[in-house]
Amino acid sequence: MKTPYPKAISPSLTRIGWIGIGIMGSAMASRLLAAGYCVTVYARNPLKSLDLQSKGALTATSPEELAETSDIVFTMVGNSEDVRSLILGPAGVLSGLKPGGVTVDMTSSQPGLAREIYTDAKRRECWAVDAPVSGADVGAREGTLAIFAGGDAEVVEWLSPVMNIMGKVRCMGGAGNGQSCKIGNQIAVGSNLVGVGEGLVFAEKAGLDPLRWLEAVKGGGAGSTIMRLFGEKMAERDYIPTAFAEYMAKDLGMAVAQGDVALPGAALNKLLFSGMVANGDGKLGFHAIVSVVRRLNALP
């Protein structure tokens, strides 16, 4: 199997389309612009694209129009329903993508949907890769994201020059495997967040200074990237989002919905994050899960 184009990806030749310019997507698209790529963006609210336009981005009025003028189209949106509409809808990406074009979905979405997109893309003589990411907004800004790719290995390799601008890509196997990898990642991250939150609350209730507790334990077995990135924020109740709690509830929901694997920890954590959403806190950072533990312990 050959890569989709005889020429390698390069800023002077490869046209990129980008859909999804939230906290993560805007930072990722900015890195591509800074690397010299021609980037066209689509946003349902055009005002949200003004910052990227100031950096040189072009705009399109629909996913189909964007795809018609792009060699590679990236999507980084909220949920599986958005992905389905934007890529498979009647005026979606695959309606406009020319044969040989590539669609890369970086949303945390359903593995089954990724396989459906892959099949439809192949039917249209196009290519599809599912490539969700981990690393929060700091990783998006600094280009240090972990990217989990599913699809044809040769296509993932061909994409590596542009993927490497955003982070480190690993091919996890066939279509949908990138999404399955991300769900596993979220199971571990969710448990880590809850664990750090409970440790902080326990320390506070025991009369310890939570920040001193963090300093004491972070160099031992309890230390983790999650603790390093979010521990102080959790202790200081700084819940400004780098990734929304509602997305963690969504991802853990996909995990427990698999039905063929027992995940008692993920199921409990999904309930805790879903409680945040039910309380109107879904747009807080996912590290605000400590607020649920605090509430259960009658702490402000």
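These questions and answers cover the sheet, cavities and pockets of a predicted model.

Q: In what order do the strands of the open sheet of six strands lie?
A: The sheet is open and its pairing is parallel. One of its pairs joins strand 1 (residues 15-19) to strand 2 (residues 38-42) over five bridges. The strand order is 3-2-1-4-5-6.

Q: What angle does the direction of helix 6 make with that of strand 6?
A: Helix 6 packs on the sheet. It touches strand 5 and strand 6. With the direction of strand 6, its own direction makes about 165 degrees.

Q: Which element gives the most to the lining of the largest cavity?
A: The largest cavity has a volume of about 90 Å³. Of its 15 lining residues, the closest to the centre are Asp105, Ala114, Ile117, Val129 and Asp130. At least two lining residues each come from helix 4 (80-88), strand 5 (102-105), helix 6 (111-123) and strand 6 (127-130). With four residues, the top contributor is helix 6.

Q: How many residues of the lining of the largest cavity are nonpolar?
A: The lining of the largest cavity holds 15 residues. Three of them are polar and two are charged. The nonpolar residues number ten.

Q: How many charged residues are in the lining of the second largest cavity?
A: This cavity has a volume of about 30 Å³. Its lining consists of Leu200, Glu204, Pro210, Met234, Ala235, Val290 and Arg294. Helix 9 (177-205), helix 11 (225-235) and helix 14 (289-296) each supply at least two of the lining residues. Five are nonpolar, none is polar, and the charged count is two.

Q: Which helix supplies the largest share of the lining of the largest pocket?
A: The largest pocket has a volume of about 1000 Å³. Closest to its centre, of 43 lining residues, are Met24, Met76, Thr242, Ala243 and Tyr247. Elements that each supply at least two lining residues include helix 1 (23-34), strand 7 (133-134), helix 7 (136-142) and helix 12 (245-256). The largest share, five residues, comes from helix 11.

Q: How many polar residues are in the lining of the largest pocket?
A: The lining of this pocket has 43 residues. Of these, 22 are nonpolar and seven are charged. The polar count is 14.

Q: How many residues does helix 11 give to the lining of the second largest pocket?
A: About 180 Å³ of space lies in this pocket. Its lining residues include Met227, Arg228, Gly231 and Glu232. Helix 10 (210-217) and helix 11 each supply at least two. Helix 11 has the largest share, and its contribution is four residues.

Q: How many charged residues line the second largest pocket?
A: Among the lining residues are Glu215, Lys218, Arg228 and Glu232. By class, three are nonpolar and three are polar. The charged residues number four.

Notes:
Residues are numbered from 1 along each chain as its sequence is written. This is a predicted model: local features need pLDDT of at least 70, side-chain atom pairs count only at pLDDT 80 or more; totals for chains, interfaces and linings use all residues. Side-chain values use heavy atoms; hydrogens and water are left out. On a 1 Å grid over the protein atoms alone, a cavity is a set of points where a 1.4 Å probe fits but cannot get out, and a pocket is an open set with protein on both sides within 12 Å along at least five of seven lines; lining residues have an atom within 4 Å of a point. Grid points are joined across faces, edges and corners, and a volume is the space filled by probe spheres set on the points. Ala, Val, Leu, Ile, Met, Phe, Trp, Tyr, Cys and Pro count as nonpolar, Asp, Glu, Lys and Arg as charged, and the others, Gly among them, as polar. Two strands pair if DSSP finds at least two bridges between them. Contact means heavy atoms within 4.5 Å. Axes are lines fitted to C-alpha atoms, for helices over the stretch in contact, and angles run from 0 to 180 degrees between N-to-C directions.
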